[in-house]
Amino acid sequence: MITTALNDDSTTAWALAARGGDPDAVEHFVRALHRDVQRYVAHLCGDPQAVDDLAQDTFLRALGSLHRFEGRSSARAWLLSIARRAVMDSYRYAAARPRLSHVPDWQLAVELAQPLDLPGFDDRIALLDLLAALPDERREAFVLTQLLGLPYAEAAEVSDCPVGTVRSRVARARTTLMALLDEADQPAAPAVVA
């Protein structure tokens, strides 16, 4: 948790320096938070083809409004709030537009495109499947606090809800994930032939 606090202090300092016109600070700010934004957007939108575009949109919005960033919260929390709004805006935009074609099974395409010889590949797929089983609000709270390491207060700010709600959502997500893991570990019941 100390590392996260140091990273948040650094990124916030870079954001404030970038606000003052320092081009190196802009580069440090973007590099430091790019992966977090991509991971968060990926979990919110569920469309791997849209992740890069939404992350880019997030940074464009953030850099365009950097002059309004005052450092009252960490730059990461501020940026993830912008990412959340970018994803929600993309949903609204997509809902207002008719679909031109049926979307193919994106999960299968992603799985086939992944290198299978990397350590932990199966674990990542299993984690993604488990996270997909969670309701959206619980998944968001879990990803923000447990995967991205945000403090509960900042996760609440990003999610635009009280801290207690985030704590409750994370606790319920853990309970659900544990139940799903226990269920997966149970041996399959033999088929009864009548």
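I count a contact when heavy atoms lie within 4.5 Å. With that rule I looked up L80 and set aside its neighbours within four places in sequence. L80 is in contact with D36, V37, Y40, L144, L148, L150 and V158.

**Ground rules.** The model is predicted; local features need pLDDT of at least 70, side-chain atom pairs count only at pLDDT 80 or more, and totals for chains, interfaces and linings use all residues. Residues are numbered from 1 along each chain as its sequence is written, and side-chain values use heavy atoms, with hydrogens and water left out.

**Overall build.** I took helices (H or I, at least four residues) and strands (E, at least two) as DSSP runs, numbered from the N terminus. The protein chain has nine helices and zero strands. Next I checked burial: buried means under 20% relative accessible area, exposed over 50%, and partly exposed in between, with a 1.4 Å probe and protein chains only. Of the 194 residues in the protein chain, 33% count as buried. I also looked at contacts between residues at least 6 apart in sequence; 64% of them join residues at least 24 apart.

**Core.** A nonpolar core here is a set of buried Ala, Val, Leu, Ile, Met, Phe, Trp, Tyr and Cys residues joined through side-chain atoms within 4.5 Å. The largest one has 43 residues. V37, Y40, L80 and L144 touch the most other members. At least two residues of this core come from each of α1 (2-19), α2 (23-45), α3 (51-64), α4 (75-96), α6 (121-132), α7 (136-147), α8 (152-159) and α9 (163-185).

**α2 against α4.** For axes I used lines fitted to C-alpha atoms, for helices over the stretch in contact; angles run from 0 to 180 degrees between N-to-C directions. Angles under 35 degrees count as roughly parallel, over 145 as roughly antiparallel, 65 to 115 as roughly perpendicular, and the rest as oblique. The axes of α2 and α4 come within 10 Å and cross at roughly 40 degrees. The two helices are therefore oblique to each other. From α2, I found F29, L33, D36, V37, Y40, V41, L44 and C45 in the contact. They meet A75, R76, W78, L79, L80, A83, R84, V87 and Y91 of α4. The contact residues divide into 14 nonpolar, no polar and three charged. For these classes, Ala, Val, Leu, Ile, Met, Phe, Trp, Tyr, Cys and Pro count as nonpolar, Asp, Glu, Lys and Arg as charged, and the others, Gly among them, as polar.

**H43.** Is H43 buried or exposed? At 19% relative accessibility, H43 counts as buried. H43 is found in helix α2. Not counting residues up to four places away in sequence, H43 touches L128, L131, R139, V143 and L147.

**α7.** I listed its buried residues: R139, E140, A141, F142, V143, L144 and T145. Just after α7, G149 takes a positive phi of about 75 degrees. The axes of α7 and α9 come within 8 Å and cross at roughly 100 degrees. That makes α7 roughly perpendicular to α9. The contact divides into six nonpolar, three polar and five charged residues.

**α8 against α9.** These pack at an angle of about 100 degrees, with their axes 8 Å apart. So α8 is roughly perpendicular to α9. Y152, A153, A155 and A156 of α8 make the contact with V163, V166, R167, V170 and R174 of α9. I noted seven nonpolar, no polar and two charged residues there.
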